[in-house]
Structures are given as C-alpha cells and as structure tokens.
Amino acid sequence: MSLNDKINQVKGAVKEEVGKLTGDVKTEKEGFAEKVTAKVKEVAEGVKDTFEGTVDGVKNIVNENKDDVAEKVNNFANNVKDAIEGTIDGIKNVVNKDKE
C-alpha cells in the first residue's frame, strides 16, 4: 500500500462528494473512477507482494533442502541402476540356461 495510492483514493472520494453536492454527475463519476482505480492499484500491489513472498519462501525451502533432495535423487538413481543390472543379469542367466 503506497502513500500515493491512499492519496489518490482520498482525492477521488473528495471529487466524488463534490460532484454529489453540486449535482455534477460527470465530476461525481470521475471521482468514483479515480477512487476505485487507486484502490485496485493498492490491492494489486498487495497481491504482488504476497506472491513475491510466497516465491521467496519456496526458494528458501528448496535451498534448505537441496542437499537432502540431491541425496534422495542419487539414492533413487542407484536403486534404478541396481534394478536394471539385476534384470540384465536375470536375462543373461535365462539365455545361458537355454544354451545348456
């Protein structure tokens, strides 16, 4: 929430009220539009800040756990390698038995 957005919201609200008091519908609608535009900007900044905070949090989690993740991936790869080698050895045994 920036100070500029709050100021623009107040300016829009004042302009809207002046339009209501003077019966100037155009000024009233312009003030309302300015007020809403400033509020939308404020909300968008909040969403952006929240999203950036979430991304930073995920990055921190990944960085904190990267060694653990790397170890798990390495263990998984070794298990797959062992399983493939075991399968190949089994196939070789079957082929060699058929030759006898």
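Me: What do the numbering and the values rest on?
Reply: Residues are numbered from 1 along each chain as its sequence is written, and side-chain values use heavy atoms, with hydrogens and water left out. In this predicted model, local features need pLDDT of at least 70 and side-chain atom pairs count only at pLDDT 80 or more, while totals for chains, interfaces and linings use all residues.

Me: How many helices and strands are in the chain?
Reply: The chain has two helices and zero strands. Helices (H or I, at least four residues) and strands (E, at least two) are DSSP runs, numbered from the N terminus. Helix α1 covers residues 3–22 and helix α2 covers residues 25–99.

Me: Why is Glu-42 called buried, and why is Lys-6 called partly exposed?
Reply: Buried means under 20% relative accessible area, exposed over 50%, and partly exposed in between (1.4 Å probe, protein chains only). Glu-42 has 11%, so Glu-42 is buried. Lys-6 has 31%, so Lys-6 counts as partly exposed.

Me: What makes Lys-6 and Glu-42 a salt bridge?
Reply: The term requires a side-chain nitrogen of Lys or Arg within 4 Å of a carboxyl oxygen of Asp or Glu. The closest N and O atoms of Lys-6 and Glu-42 are 3.6 Å apart, so the pair qualifies. Lys-6 lies in α1 and Glu-42 in α2, so the pair ties together parts that are 36 residues apart in sequence.

Me: Which residues of α1 are buried, and which exposed residues does the face turned away from them carry?
Reply: Asp-5, Gln-9, Gly-12, Glu-16 and Gly-19 are the buried residues of α1. They cover an arc of only 90° around the axis, which puts them on the same side of α1; the arc is that of the directions from the helix axis to the C-beta atoms. The face turned away carries exposed residues Leu-3, Asn-4, Val-10, Leu-21 and Thr-22.

Me: How does the radius of gyration of the chain stand against that of a compact globule?
Reply: The radius is taken over C-alpha atoms, and the globule rule is 2.2 Å times the number of residues to the power 0.38. For 100 residues a compact globule would have a value near 13 Å, but the chain has 33 Å. The C-alpha trace spans about 105 × 30 × 10 Å along its principal axes.

Definitions and conventions. The expected span of a helix is 1.5 Å times one less than its number of residues.
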